[in-house]
Amino acid sequence: MSRILTAIFLFASFGLLEAQQASVPSQPTPIGVHPSEGPGAAFQFTKADTNLRAEADAIDAQFENRALVLHDPGLQAFVDTVGKRVLGDRPVPEKVTYRFLVLCDPTVNAFALPNGSVYITTGLLALLESEAQLAGVLGHETAHIYERHPYLENRSIRKKTVVSEIIAAAAAFVPGGYAAWLATAATANISTLLLVESIYGYSREMESQADRDGLAAMTVAGYDPRAMAVAFELLDQDRTLEYEPRPTFYHDHPNLTKRREEALAFADAHTPASSRIGLKMDYVNAVAPAIVFNINADIESRRPRTAVARATRLVDAFPGDPQYQVLLGDSYRTLGAKTTVPTPDEFTPDGENKQRKQVLKMTEEEEQKALLKTPESQGTLRENQAKAEKAFLAAIERNPEYALAYRELGFLYQDESRFADAAINYRHYLQLAADTSLDRLRIGRRLAEVEKLQAAPPH
């Protein structure tokens, strides 16, 4: 079972914006972030609210204890900087301490706890393409805290039957699923409300308010609000990359379209001439640790198409880095007989049913075996293996001392029954790997296995 945490209310983005500013109206309307006049403005703590805040603190502790928070100094500094810009000089609500944290989770999500902790997943960071898009996400999430949405929702939801349905739905989401989140929730003894909010988000009214507040906050902070509109476009496209047995609330296509239109309308009226988006390269450089984690997590949780897309992005940005070349090779090797993008047949009802069966009822090996029954898939496998080999060889060309490239190339050649080539690369790896490497015994056994197969007479 992967240790990957999955969960929590969905928010994503699509980054096609370049560093150059988008066209803006010649006389934009001034915008400001004002204190809420809604229920959050007159909020007074009750005993139930105090309990909910304590549960949020327990969730923070559990995430740390389970090593689900990614602690990279450069990445953390970047996220903190953007978060503080979005917060601006707004007063901090009572019993709130804002923290911006990166969660080790391959799904595209972000969420806020009532105590002020804002989590953005590695999956979402790997999808975004600019600093301004990140500002939009953090503006949306801090709005939930500022408007006291977790507490207000807690006061309105009481039905235990709803919660049981949520848990059943979460448990059904097997690949990279919600199992780890539910385990964390159980350990932390959190409220049933937080389960509901985490998986399906808040009410449409609250989400719309968070969109509006987030747009205002990022604009006042100097970011181009069009980035949020582009974010919705990315989520809309990304939702089709991997099959999802149980889509979350914000994978609803019509709703994403509406949110995008509303963001564009806001941007047309309020974008200042000096607004910023940020360079794509700067963003990728800042969040590279999250993308690297996410590629490995995608491979582990049967999301090979996403892994290929993210690894390709890193290689395109930093072609000389052998680590990224190896990640790309691993992604193509894991992809196997699957195409890099869904085929038209996969979007038909029959295609969706077939994917559901493959994902929920088959192991990864069984799924690949089923795919290989067609000549087309056999050809796809050969193409993906060739691309994997190319990436591994590129890594070796760039750094002949990079041991992992030889190991992964050995795995690929063994898959292809090229036992002599596999043996050569396993030997290279063992020569380069540190004596303290825990992997040496495993590769030594692999080497003995392929040497035996190499010496065996052909059948």
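Start by selecting helix H10, residues 226–238. At 1.5 Å a residue, its 13 residues should span 18 Å, and the end C-alpha atoms lie 19 Å apart, which agrees. Keep in mind as you look around that this is a predicted model.

How many of the 13 residues of H10 are buried? The count is 11, so the helix is largely enclosed by the rest of the structure. To see them, colour the buried residues, among them Arg-226, Met-228, Phe-232 and Leu-235. Two aspartates, Asp-236 and Asp-238, also belong to the buried set of H10.

**Next stop: the aromatic rings**

Searching the whole structure gives 9 aromatic pairs. Select Phe-45 and Tyr-151 to view one of them: the ring centres are 5.2 Å apart and the planes meet at 75°, so this pair is edge-to-face. Phe-45 sits in the segment before helix H1 (47–65), while Tyr-151 belongs to helix H5 (residues 149–156), so the pair ties together parts that are 106 residues apart in sequence. Is Tyr-151 buried or exposed? With 1% relative accessibility, Tyr-151 counts as buried.

Then show Lys-95: its charged end sits over the ring of Phe-45, 4.4 Å from the ring centre. For another charge placed over a ring, select Arg-90 and Tyr-146. Here Arg-90 lies over the face of Tyr-146, 5.3 Å from the centre of the ring.

Another ring pair is worth a visit: Phe-318 and Tyr-324. Their centres are 5.9 Å apart and their planes are at 50°, so the pair is tilted. Tyr-324 is buried, and its relative accessible area is 9%.

**Last stop: Ser-117**

Select Ser-117, which you will find in strand S3 (residues 117–121). Ser-117 has a relative accessible area of 1% and is buried. Which side chain does Ser-117 join through a polar contact of 2.8 Å? The partner is Asp-60, and the contact runs between the two side chains.

Finally, display the residues that Ser-117 touches, leaving out those up to four places away in sequence.

Note on methods: Residues are numbered from 1 along each chain as its sequence is written. This is a predicted model: local features need pLDDT of at least 70, side-chain atom pairs count only at pLDDT 80 or more; totals for chains, interfaces and linings use all residues. Side-chain values use heavy atoms; hydrogens and water are left out. Rings of Phe, Tyr and Trp (its six-membered ring) pair if their centres lie within 6.5 Å; planes under 30 degrees apart count as stacked, over 60 as edge-to-face and the rest as tilted. Helices (H or I, at least four residues) and strands (E, at least two) are DSSP runs, numbered from the N terminus. Buried means under 20% relative accessible area, exposed over 50%, partly exposed in between (1.4 Å probe, protein chains only). A charge sits over a ring if NZ of Lys or CZ of Arg is within 6 Å of the ring centre and within 35 degrees of the ring normal. The expected span of a helix is 1.5 Å times one less than its number of residues. A polar contact is a pair of N or O atoms within 3.5 Å; within protein, one must be able to donate a hydrogen and the other to accept it, and residues adjacent in sequence count only if both atoms are side-chain atoms. Contact means heavy atoms within 4.5 Å.
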